[in-house]
Amino acid sequence: MELSDLPNEILGKIFTHLPVEELATVSLVCTGWSEIIRTFILPKHALVHIRPVHPVTHRLVPMEAILAELTAKPFARCNVKLTIPNDELPQRAEFGLFFQHQGHALKSLALQVTQLSADVLEVFPTLYNLECLTVTSESESLYGGAAVPANIETALRSLKSLRRLRLQLASYSILRNVAFLAGSRLVSVTFERFEMELHHLRPLLNDHHGTLRELTVRVEELKPLLALLNSYERLQLYRLNVKSAGNEDDFSDELIRLYGAQPQLRSLTIGSELSLRAVEALPKQLPHLQELDIIAESINNCKAFRELRHLRKLTLCLYDVRAWDETVALESVTELSLAVTFPLISPAIFCSFPRLYRLCLEDVDDETLMRDIVVVRTLLEQMRHVRVLDLENFVFRERELLADGVVRFEEMANLTCLRYSCRDMSDASLLTMSVPNLRELVLTHCPHVTLKGVSFLVRNCPLIERLHLESNKRGFDDDCLALAVRKLTHLRRLGLVNLRALTNASVEAIVTSCFYLLELTVTHCVGITLEKADAIERLSAVKSLKNLVYS
C-alpha cells in the first residue's frame, strides 16, 4: 500500500503531526494532499495572526480588507490572534461580519487591545464555543477608573465553553467583573507580566477552585497567596507557577502545607528562593512531579531527589553545588536547565543525569571558574549523548574546548542543536563541528571565524535549518555568507547580528540563494549601508519569508 491509497481521514491524522510551517510545502505534492491540508488541517491547527503591520514588508496593512477576505473563505479558522490597533476598527462593519462568520468555529482567540471596549465586547456572544481566551493590554486603565461597558455582563456570560483564560494586563481591575464567568468551567488561569493583588484573584478562585487544574500568577508576596490556595479544600492543581517580584519573609511553612494539600502536582515553578527545608520536603510530598523549576541556595540531600521517579524536566538555579553527590543518578530526567551563580561548581553534578537529551547551562560568568579543565572535561564527556546542548551563556575559552582529553562536538553523534559562546572563537572551533545531524547552530560570539571555518562547517553540517551568528568584526564577510546560504539548502531561519564585515552584497546573496527561508534577522551589521526601507523591500523578494527583523 502506498500513501496515496490511504483514506483522507488517516492522511489528515498524519498531517496534524507535521509542523504548521511545513504544511504549505507538503501541500504541493499533489492536488489531493493540498485539498486535505487547506480544507481540514490549516483551518483547525494553524494560528492566523491578523495585525496592522506586515511581518516582512513592515508596511501598514488595511485590516478591514483582511477581515473581509477571511470572512469570504468557506472554511472558518479555529485559532486566531487579533491585534486591534485603535478604537475605530471594532466599529467597522467588517469586524462584526468576521465574528458572525467565524465566531462559532473559534476555539482559541488572542486579543491585543488598548481597551476592551463595548464594541469589542459586542462580538463575544458569537464565541459560545471558545475554549481559550487571551487578552493582552498595556493600558493601566482597563476598567480601573473608567466606566465599565454596559454589555460586559452579556459578553462574559456568553463564554459558556471557556476553559482557559490568560490575561497579560497592567491592571487587573477587570476581574471585578469575573463573577459573570461563573457559567464556565475554568481549568487553566494565567496572569503574567505584571503583579496582581489578591483581592482581584480571590473572586476568581472562589468561583472556579473546584475545576481549576493550572494556575500561573505573579504577586508581590508569596506567603499570602500560598495561604489563600491552602484555604480551598476542593482545589486540585496539576500545574502551579507562582512568582514574586522581590524579597519577602520566609514562606516555607505555607509552601510545605501546599505540598501536603496538592500531592497530585505534576508541574511546579517557584520564582522565589526556597529554604533548605522547603527543598528537602519536595521529594517526600510531591512524588508525581514531572516538571520542577526552583531557586535555592543549594541542595544538601540530593539523594532524596531519586524519589521523584516521574521527573522529566528539571530547572535549577543554585548558588552552591559543591555539595552535590556524584553517585546520585536521576535517570528519569531528560531535560536539565542549570543556572549556577556561585563561583565554584563541582563537576559531580554532570554525572547525575545519564539519560539527558537536552542541557541548558547558564549564568556562569566568573572567568576564573572555567580554568578548571576538569569541569569542562566532565561536562562534555557526560553530555556526549545529548541532542540539544545550550551553552550560550556559559563562559568558555577556546583552549579549554580544544584541550587534550576534552570530548569534541564531532564526537556527539546525536547532536541536533548546539548553542554556545566562546569569547575568542576562531576557525579551530568550527573544525571540531563535523556533526552531520546538526539542525540548529547558534554562535553568539565568533570574533575570529573566517571563510576557512565556514567552508568546513557547511561541508560537514549540511542539514542546518537554523543558523545564528553574532559578533564578528572582520573575518565573516560577504564571501562567508554567500557560501553559507548557497550550500545550506535546508536553511529556514537565519540570524546575522553585529557582523561588521557584511556589505550590501550579502543582501543580494540572501535574495538569490535563500529560496525556502522563513525567518530572517539582520541587526547591527553596519557594513550594510542600504536604507532600511530599501533593504526591507529587497529582502521581501524572498517569497517564502514569514518574518523579517531588520535594523
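Tutor: The protein chain has 18 helices and 20 strands, where helices (H or I, at least four residues) and strands (E, at least two) are DSSP runs numbered from the N terminus. This is a predicted model, in which local features need pLDDT of at least 70 and side-chain atom pairs count only at pLDDT 80 or more, while totals for chains, interfaces and linings use all residues. Residues are numbered from 1 along each chain as its sequence is written, and side-chain values use heavy atoms, with hydrogens and water left out.

Now the cysteines. A disulfide is a covalent bond between the sulfur atoms of two cysteines. The structure holds zero disulfides, the criterion being a pair of cysteine sulfur atoms within 2.5 Å. For Cys302, the closest cysteine sulfur is that of Cys351, 12 Å away, which is too far for a bond. Seen from Cys351, the closest cysteine sulfur belongs to Cys302, again at 12 Å and too far for a bond. Cys302 has 2% relative accessibility and so counts as buried; Cys351 has 27% and therefore counts as partly exposed. The cut-offs are under 20% relative accessible area for buried, over 50% for exposed, and partly exposed in between (1.4 Å probe, protein chains only).

As for the whole chain, buried residues make up 51% of the 551 residues. A compact globule with 551 residues would have a radius of gyration near 24 Å, and the protein chain agrees because its value is 26 Å. That radius is taken over C-alpha atoms, and the globule rule is 2.2 Å times the number of residues to the power 0.38. Along its principal axes the C-alpha trace spans about 70 × 60 × 55 Å. Among contacts (heavy atoms within 4.5 Å) between residues at least 6 apart in sequence, 65% join residues at least 24 apart.

The chain exposes about 25,500 Å², of which carbon and sulfur atoms supply 49%; accessible areas come from the Shrake-Rupley method with a 1.4 Å probe, and for residues only the protein chains shown count as cover.

In helix H12 (residues 373–382), the buried residues are Val375, Val376, Thr378, Leu379 and Leu380. Their cover includes strand S13 (358–362), strand S14 (388–391) and helix H13 (398–401).
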